[in-house]
Amino acid sequence: MNRPLTPPSGPGCTDTPVLKERGQREVFCGLTGIVWLHRKMQDAFFLVVGSRTCAHLLQSAAGVMIFAEPRFATAILEEKDLAGLADANEELDREVARLLERRPDIRRLFLVGSCPSEVIKLDLHRAAERLTIEHSPRVMVQNYSGSGIETTFTQGEDACLATIVEAAGPTDAADLVIVGALPDVVEDQALGLLSAIGIDNVKVLPSARAEDTPAIGPNTRFALVQPFLGDTHAELERRGATHIPAPFPFGEEGTTLWLYALADAFGIDRAVVDRVTEAPRARARKAIAARAETLRGKSLFFFPDSQLEVPLARFLTRECGMTAIEIGTPFLHRTLLGPDLELIEAGPTLSEGQDVDRQLDRARAGRPDLTVCGLGLANPLEAEGLTTKWAIELVFTPVHFYEQAGDLAELFARPLRRKERLKLEAAT
Amino acid sequence: MKLTVWTYEGPPHVGAMRVATGMKGLHYVLHAPQGDTYADLLFTMIERRGHRPPVTYTTFQARDLGSDTANLFREAAQDAYARFSPQAMIVGASCTAELIQDDPGGLAEALGLPIPVIPLELPSYQRKENFGADETFFQIVRHLATEQEKTAQVTANILGPTGLGFRHRDDIEEVTALLSDMGISVNVTAPMGASPADIARLPAAHFNVLLYPETGEAAARWLERTHDMPFTRTVPIGVGATHDFLAEIAEITGRPVVADTSRLRLPWYSASVDSTYLTGKRVFVFGDATHVKAAARIARDEMGFEVAGLGCYNREFARDIRAMAKDFGVEALITDDYLEVERTIEALAPEMILGTQMERHIGKRLGIPCAVISAPVHVQDFPARYSPQAGWEGANVIFDTWVHPLVMGLEEHLLHMFREDFEFHDEAGPSHHGGHAPAAKAEGGQPPADRADQPPRDISGPVMDGTATWLADAEKELKKIPFFVRGKARRNTESFAAERGLAEISVDTLYEAKAHYAR
């Protein structure tokens, strides 16, 4: 009935040597995370201290411009700020005061560092302390860096959450904290599953509202739902919390193993998990099976993008029958990804970092059936005859846990089905 | 420091990318941190290009700072040359690299590459995208154009079209046809489609057509000064402007005007009785200066609209736009602050906006129809069909595009007459749109559910302090007024009440205001 998939006979990809590349990296910077974080955290405002490029990135990365008044903005540095003609701190205080006056609903303000603010060494940490004093108790001002020189794409969320943990209150309670921004519907499903297996004191990070920010202490245990949270993981451990390692909850297998790990940690029999999850597991398997017909036997190439590559490769190879040629990731965090790496059959190239032109050469040589890559590469590769899946959709779409497992497989199956469907030549 | 929510223009290096991506055989080596590669997607996604922009980024990280960022640049430039074998290279810095002062120009020169290497100085903290494109194109022309004999036949260059330009692809076709009708062939179109070798041949033409002053004026002026090449001042967008453009060419070349208007339909469509309802529609015009100038003239002279206000976001052209506004008897709005544009539109309450994608969203929120006339661009601004703005076909396209968002003549009357019909009611929007709310959502991505149909929360301070209270009857009467004029009726009545110090608005006040403002 609930037959587990057979794990690889050896150590999987655990000991696979990693191809480390240092060249042009075709990735977003960490500011991009603001695009989803500002929707998730409803009383927070993200003020990027940066350049016109930062503002343009946020506008473009949103794919479509979300013109409802966003809860983010850019304080654009100008010539006079750089030349020292204006005191950047005074300017910042003025802009923040104006912003908070206009937005009385804001409880958390993040000053987000950018490449230019890092290079001119604008001390946003001190600015945040100063502004917190000025605007307390109404608003708490915090800072993190989303700069391209420090962070890649999803690392922006990591930096933001690490900052929140640093400032979180202490506790002795034995709470479970689920770490990583999830769409609301998925978060509710996760909490429902945990409650059904008997874990109830669950907090989420990030929380929708400031007052629900979890307190952290030596009895706190935490599980990650996103693989890119290395700094947050480290900060939580520094505060005494205990990590529950597990594969990430993508697909039927990933979700089940994730729940098993939590059940084990809380002394709950795995049979309870099996009973509770029987129906959703069956649904997930059925939904995946429909898409796996398209995916089975197809080869797969990951360009580095969101750090979701390793768990997704595990899902696509084990649950959908694909073969990975290369799994590229911006940063390979072995501690967090160990359980996933173990499950992936040895064979694919594991690469970390990027030299985009060389990686493109490898992709062309490998002729994968499906290439997962960023928006800058997708159409050019399609024009060369490859089939692609844009990676950014993976962080903007509900893809975790059982009920989304079919949707996750569908994201990869659709480009392949579309290619088969289109008949653009003459009939003869 | 300036607080910005949305921007009309990107940074200047994106302008340089527009030039490089439009051209062939040119490569741009950009000293820039990791993350600046986002700009590639503007071209691959919005413009649907099947090639990566010809740009190599150094993508330096924090660990490189202070150690070997200069070396990173040298390696990137050398690798790019080896891999792409361009005919020429442009080199420069993005905003962050400008701060670390590695001097890409000097570094690249020291490499001694066997091709022209053109350094760009684009001050990221002062200037913006259009300047970046104009300056980059100018530098390329200045470095590569060579003195040479004119072509035997009269030829012209078309200057200004770039990658990611608003309808540049189709305007080139249209202008080429206009010139061809006059017996003039095109020597080079640049930057779009030109190689560095083509740039060298620019001075062989007899004159230049400056199609987009935003991105081609510095080059056109330099060619005039250095190679004695006159250039056209009129941008041929609109019927009148196209006639003026041809007259200008006749003057420059001494050839007679030949205008094949056999497929031009705007004048008749505008004169036909069906268009009567367009008379005096109040429009607000905003965008880049070139398209605003053209659109305002078309709106007033060729569509019979009333221009209620106009402005542009590129300050470089503020003087022109102010002069034009004066001629139109309105005040010019020169700003790149999206919120200021929104406030102005709200205050003017026009019946239609001719603007950019930003104004389209403003219109969506305020319930005002909008037709897009200018960059910044969106994937929708690259339609599959031929859809120029310039020339005769451009005028036809503009007529259709501007009329489409409006409620059509008879429909407008029917809405007035039978306003309670359960299907054919005003909230449904123009009937040819199949319900306006879904159409708007489909176009702009997902609006956040909680805000989609509500006016934006006011973030710009109170707009109308001391507003009189609407009595229930008057409020009900107001609801009977069709949606596309209701906002204006409300505002007019409120200002009318305010001017007279009335505390309450009755049905009578509503109709007194209507009579007062009747035009």
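Into which domains is chain B divided? In this predicted model, chain B consists of domain 1 (12-129), domain 2 (145-253), domain 3 (266-444) and domain 4 (469-517). The legends below go through views of both chains.

**View 1. Domains and overall make-up of chain B.** The centres of domain 2 of chain B and domain 4 of chain B, taken over C-alpha atoms, are separated by 53 Å. The secondary structure of chain B comes to 21 helices and 15 strands. Chain B has 519 residues, of which 49% count as buried. Among the contacts in chain B with a separation of 6 or more, 70% are between residues 24 or more positions apart.

**View 2. Domains of chain A.** Chain A is divided into domain 1 (18-25 + 292-421), domain 2 (30-151) and domain 3 (176-265). Domain 1 of chain A is written as two stretches, 18-25 and 292-421. Between the centres of domain 1 of chain A and domain 2 of chain A, taken over C-alpha atoms, there are 33 Å.

**View 3. The six-stranded sheet of chain A.** Six strands of chain A form an open sheet with parallel pairing, in the order β1-β12-β11-β10-β13-β14. At its edges are β1 (18-22) and β14 (388-390) of chain A, each of which pairs on one side only. On average, neighbouring strands of this sheet are turned by 20° against each other, direction ignored. At one end of the order, strand β13 (residues 370-373) of chain A runs parallel to β14(A) and is joined to it by three bridges. One residue pair can be picked out here: A:Thr371 has A:Thr388 in β14(A) as its bridge partner. Helix α17 (residues 401-421) of chain A packs on the sheet and touches β13 and β14 of chain A. The direction of α17(A) makes about 140° with that of β14(A).

View 4. Helix α12 (residues 309-318) of chain A lies across β10 (299-302) and β11 (323-329) of chain A. Relative to β11(A), helix α12(A) runs at about 170°. Two packed helices are described by the angle between their axes and the distance between the axes. For helix α10 (residues 251-265) of chain A and α12(A), the angle is about 120° and the axes are 8 Å apart. The helix α10(A) is therefore oblique to α12(A). From α10(A), the contact is made by A:Gly251, A:Glu253 and A:Gly254. From α12(A), A:Pro311, A:Arg314, A:Phe315 and A:Arg318 take part. By class, the residues of this contact of α10(A) with α12(A) are two nonpolar, two polar and three charged.

**View 5. The side of chain B that touches chain A.** In the contact between the chains, 52 residues of chain B meet 53 residues of chain A. On the chain B side, the elements that give two or more residues are β1 (2-4), α2 (40-46), β3 (55-57), α4 (95-100) and α15 (357-366) of chain B. The largest share, five residues, comes from α2(B). This side of chain B has 23 nonpolar, 20 polar and nine charged residues.

View 6. Strand β3 (residues 72-76) of chain A and β1(B) run antiparallel and are joined by three bridges. Within this pair, A:Thr74 stands opposite B:Thr4 in β1(B). A:Ala55 has its place in helix α2 (residues 52-61) of chain A. Not counting residues up to four places away in sequence, A:Ala55 touches A:Thr74, A:Ile76, B:Thr4 and B:Thr7. Is A:Ala55 buried or exposed? A:Ala55 is buried, because 26 other C-beta atoms lie within 10 Å, and 20 or more are needed to count as buried. The C-alpha atoms of A:Ala55 and A:Ala73 are separated by 7.4 Å, although these residues are 18 residues apart along the chain.

**View 7. The five-stranded sheet of chain B.** An open sheet of five strands in chain B has the order β11-β10-β9-β12-β13, and the pairing is parallel. The edge strands, each pairing on one side only, are β11 (332-334) and β13 (370-372) of chain B. In strand β9 (residues 282-287) of chain B, five of the six residues are buried. Six bridges join β9(B) to strand β10 (residues 306-312) of chain B, and the two run parallel. B:Arg282 has B:Glu306 in β10(B) as its bridge partner. The pairing of β10(B) with β11(B), also in the parallel sense, has three bridges. There, B:Leu310 has B:Ala332 as its bridge partner in β11(B). Helix α13 (residues 318-328) of chain B lies across β10 and β11 of chain B and runs at about 170° to β10(B).

Terms used:
Residues numbered from 1 in each chain as written. Chains lettered and ligands numbered in written order. Predicted model: local features only at pLDDT ≥ 70, side-chain atom pairs only at ≥ 80, totals over all residues. Pairing = 2+ DSSP bridges. Helix = DSSP H or I, 4+ residues; strand = E, 2+ residues; numbered from the N terminus. Axes fitted to C-alpha atoms, helices over the stretch in contact; angles between N-to-C directions. Contact = placed C-beta atoms within 7 Å. Domains from an automatic or database assignment. Buried ≥ 20, exposed ≤ 12 C-beta atoms within 10 Å, placed from the backbone. Nonpolar A, V, L, I, M, F, W, Y, C, P; charged D, E, K, R; others polar. Parallel < 35°, antiparallel > 145°, perpendicular 65-115°, else oblique.
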